[in-house]
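Good morning, colleagues. Please look at the sequence and the structure as I bring them up.

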Amino acid sequence: MSIRAVREPANAKVDIVFVHGLHGDQAPWTSEADVFWPDKFLPAKVPDACILSFDYQASIGSFFDEDDEITDISSDLINELMDHRAEKQKEERPIIFVAHCLGGTVLENALVRAAEHPRKKELIGCIYGILLLGTPHFQAGSLAAATKYFQVAQAEIPSESDLKDRLERLSAIPQAYAGLKQAGAEFEVEGFYAGAGTKLGGKDVKIVDEGLARSPEAPPPERLARNQLRLSQYDSEDDKDFKKVSRVLTQWASKIVLPEEDKGAQNVSNATFSGSHNSGLQLGQNVGTLKGFSFGRG
């Protein structure tokens with residue numbers, strides 16, 4: 001597991017971090033025509049962005065494992081990103097995350113865990129936006145939705161009781177993640193979902209529908225005219241879906257103003273947590289409005 005620099009200009013003013021999920025036979029973020037769009041298309045849209053990719057092994061067991069492997073991956077994401085940003089000129093740089101499918105679950109879990117750590121929680125204050133591509137936000141009763149993932153991966157489907165146990169852990173993540181926004185985290189969130197079905201057993205099946213893709217404390221997700229696996233794959237800058245996704249990224253990046261660019265304007269990444277009762281978020285136990293946190297951009 002590692003953070004890989006796709007492009008790192010000397011004058012970068014924002015980190016755009018890609019977190020993949022299940023991606024079938026294709027390499028993450030790479031189309032069937034072998035186009036890796038974060039490198040091929042994105043630099044022209046956001047030339048002053050440091051583009052990073054979090055690379056890890058993503059089997060179905062990574063997300064639904066009884067040993068909670070998703071938490072190990074989430075911790076590695078934060079640790080690797082902080083290592084990459086250790087230099088003084090990088091550590092307060094604003095961050096935009098782009099996550100596909102269950103990679104969004106990894107990301108949300110990573111932020112929840114970071115909020116529990118006295119040093120890592122400062123990273124949350126640097127986040128400007130999170131763009132989610134078909135990320136499921138499971139609830140306790142989302143058994144049918146979870147089953148589809150095992151079908152996509154052509155893996156053995158657990159028994160109903162076993163799947164309920166595994167889903168209980170995953171369904172706690174969106175609830176805890178919503179607590180970040182309720183506690184005052186100011187980052188933007190935009191989501192997209194697949195308008196086309198994925199072939200399963202000869203049928204076109206929606207893996208993550210609009211309702212499941214809706215992130216807590218976020219606007220309704222927007223539809224893309226492709227299936228779940230292809231949400232992260234684009235062959236052309238003229239692709240209508242690519243334009244929808246890149247439009248969000250360019251708009252966010254254009255709003256980031258560093259202090260030296262605006263006569264002392266506030267650095268959007270200079271956010272801090274405050275409050276004497278800042279004891280961390282407890283996964284799966286955040287009911288109601290959390291108090292004692294300050295996530296505002298300073």
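Let us begin with Asp 241 and Arg 226, which form a salt bridge whose closest N and O atoms are 2.8 Å apart. By salt bridge I mean a side-chain nitrogen of Lys or Arg within 4 Å of a carboxyl oxygen of Asp or Glu. This pair links distant parts of the chain, with Asp 241 in helix α9 and Arg 226 in the loop between β9 and α9, 15 residues apart. Helices (H or I, at least four residues) and strands (E, at least two) are DSSP runs, numbered from the N terminus. Both Asp 241 and Arg 226 are buried; buried means under 20% relative accessible area, exposed over 50%, and partly exposed in between, with a 1.4 Å probe and protein chains only.

A word on the source. This is a predicted model, in which local features need pLDDT of at least 70 and side-chain atom pairs count only at pLDDT 80 or more, while totals for chains, interfaces and linings use all residues. Residues are numbered from 1 along each chain as its sequence is written, and side-chain values use heavy atoms, with hydrogens and water left out.

The side chains of Glu 222 and Lys 244 meet in a salt bridge, at 3.9 Å from N to O. Here strand β9 (residues 222–224) supplies Glu 222, and helix α9 (residues 240–255) supplies Lys 244, so that distant parts of the chain, 22 residues apart, are linked. Lys 244 is buried, at 18% relative accessible area, whereas Glu 222 is partly exposed, at 39%.

Which residue does Arg 4 meet in a salt bridge? The partner is Asp 55, at 2.9 Å from N to O. Arg 4 lies in strand β1 (residues 2–7) and Asp 55 in strand β3 (residues 49–55), and this pair, 51 residues apart, also links distant parts of the chain. Arg 4 is partly exposed, with a relative accessible area of 36%, and Asp 55 is likewise partly exposed, with 23%.

As for the total, the structure holds 13 salt bridges. In general, side chains of opposite charge can pair when their charged atoms come close.

Finally, consider Lys 164, which is placed in helix α7 (residues 160–182). Lys 164 is partly exposed, at 42% relative accessibility. Between Lys 164 and Ser 142 there are 22 residues in sequence and 8.8 Å in space, C-alpha to C-alpha.
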